[in-house]
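Work through the exercises below with the sequence and the structure at hand. Each task is followed by a solution in steps.

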Amino acid sequence: MKTTAAITAVQGYVPEYVLSNAVLETMVDTNDAWITERTGIKERRILKGKDQGMSVMAVEAVKGLCKKRGIDPMEIDLLICCTVTADMQFPASANIICDKVGAKNAWGFDVNAACSGFIYGLTTGAQFIETGKHKKVVVVGADKMSAIIDYTDRATCIIFGDGAGAVLLEPNTEGNGILDSILRSDGSGAQFLHQKAGGSMRPATQQTVEAKEHFVFQEGKAVFKFAVTNMADVSAEIMERNKLTSDDIAWLVPHQANKRIIDATANRMGLDESKVMLNIQKYGNTTSGTIPLCLWEWESRLKKGDNIILAAFGGGFTWGSVYLKWAYGS
Ligand code: UT7
């Protein structure tokens, strides 16, 4: 049988500090009822402390992953870090994470696809397993969104949180693992969701800092409209192309940006909400972290052979879906 790339372990990490809607009410003009109704979010985690970058969380997730699977980090061939909040502009955070976990034999790189980062990274990592080039690939999705959020802007500060999730990919010859993916992008969507300064086009200056151009800029309504349509469309498309009905699907693992976007996707797929992984109420939108954090939290309920659809939409615009069969559990 053909070699596929299967997830053989998953591990998450979220920082301890909880930023609740009640605390946000004291920071900006908002309220728990609005946030809950419009997004589904109740609280999010924030990584506190001086010089604590995204990699702090990614390292914890990857260390835990290796321990869980019983492998030495020296066995990792490749580590892909999906993030929009790299510790530094360069070098890539994948290098830093490999060093901190002791993955001395690995090479690595970062994938910047915003909220679709994890599915972009997963699909990329799977290629190296399928071709036989590598035996152990780690894909970690992690973001410290609090580093680029303006906590005086109620349109964005209520949504985002910090967190990380990692999976290990290994060869599978039982027909399980990643079976299909559809990935899309449309750069014309950049105008609706971006960070204005800090890149080569507008390097940091005193003026860019004063104008708050190093924070997330989002036209929420426009993004919402694209997200609802595209995440639902691509999820329906991957079902159709793999001849899957809603009864065949055990779980939808959606990017956690807004409960209303998730509901629209599940609805379009004909899925009951009992099949939809949802933890947005606890963590908010952790960008690249949402999907692996869901898999981590639901891991004990997943069974070998379960048909699972991952779906995401995010900045870029980027979006897509992945179809996989879970490879372990009883
Ligand atoms: O993950 C990456 C991709 N990102 C997304 O998928 C995010 C997509 N967008 C969204 O999730 C939603 O657009 C938001 C949650 C960001 C905003 O929700 P919305 O339902 O689109 O709200 P809105 O911006 O249309 O604002 C509706 C009203 C406005 O008041 P008026 O003009 O109707 O009087 C806002 O001023 O709600 C007001 N509002 C708020 N009220 C209390 C906006 N933000 C808040 C707030 N608290 N935090």
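**Exercise 1. A strand pair**

In which sense do strand β12 (residues 307-314) and strand β13 (residues 318-325) pair, and over how many bridges?

Solution. The model is a predicted one.
Step 1. β12 and β13 run antiparallel to each other, and eight bridges join them.
Step 2. Individual partners can be read off: F313 is bridged to W319 in β13, and I308 has L324 of β13 as its bridge partner.
Step 3. The two strands make a hairpin, with three residues between them. In the turn, G316 has a positive phi of about 145°.

**Exercise 2. The sheet**

What is the order of the strands in the open sheet of four strands?

Solution. Step 1. The order is β8-β13-β12-β11, and the pairing is mixed.
Step 1. The edges are β8 (177-185) and β11 (251-254), each of which pairs on one side only.
Step 2. On average, neighbouring strands of the sheet are turned by 15° against each other, direction ignored.
Step 3. The mixed pairing can be followed at β12: its pairing with β13 is antiparallel, whereas β11 and β12 pair in the parallel sense, over four bridges. Here V253 stands opposite L310 of β12.

**Exercise 3. Burial of a strand and a helix**

Which residues of β12 are buried on one side and which on the other?

Solution. Step 1. In a regular strand, side chains alternate between the two faces of the sheet.
Step 1. One side of β12 carries N307, I309, A311 and F313, and the other carries I308, L310, A312 and G314; all are buried.
Step 2. The count is eight of eight residues buried, and β12 is mostly covered.

Now determine how many of the nine residues of helix α11 (residues 290-298) are buried.

Solution. Step 1. The buried residues of α11 are T290, I291, P292, L293, C294, L295 and W298.
Step 1. That gives seven of nine, so α11 is largely enclosed by the rest of the structure.

**Exercise 4. Two helix pairs**

Describe how helix α3 (residues 54-69) packs against helix α4 (residues 93-101).

Solution. Step 1. Two packed helices are described by the angle between their axes and the distance between the axes.
Step 1. For α3 and α4 the angle is about 50° and the axes lie 9 Å apart. This angle makes α3 oblique to α4.
Step 2. The crossing of α3 past α4 is right-handed.
Step 3. On the α3 side, M54, S55, A58, V59, V62 and K63 take part; they meet S93, I96, I97, K100 and V101 of α4. By class, this contact has seven nonpolar, two polar and two charged residues.

Step 1. α8 passes α9 in a crossing that is right-handed.
Step 2. From α8, the residues F224, A227, V228, M231, A232, D233, S235, A236 and M239 meet R260, I261, A264, T265, R268 and M269 of α9. The contact of α8 with α9 divides into 10 nonpolar, two polar and three charged residues.

How values were computed. Residues numbered from 1 in each chain as written. Predicted model: local features only at pLDDT ≥ 70, side-chain atom pairs only at ≥ 80, totals over all residues. Heavy atoms only, no water. Pairing = 2+ DSSP bridges. Axes fitted to C-alpha atoms, helices over the stretch in contact; angles between N-to-C directions. Parallel < 35°, antiparallel > 145°, perpendicular 65-115°, else oblique. Left-handed = near helix turned anticlockwise from the far one by under 90°. Contact = heavy atoms within 4.5 Å. Nonpolar A, V, L, I, M, F, W, Y, C, P; charged D, E, K, R; others polar. Buried < 20%, exposed > 50% of the residue type's maximum accessible area, 1.4 Å probe, protein only.
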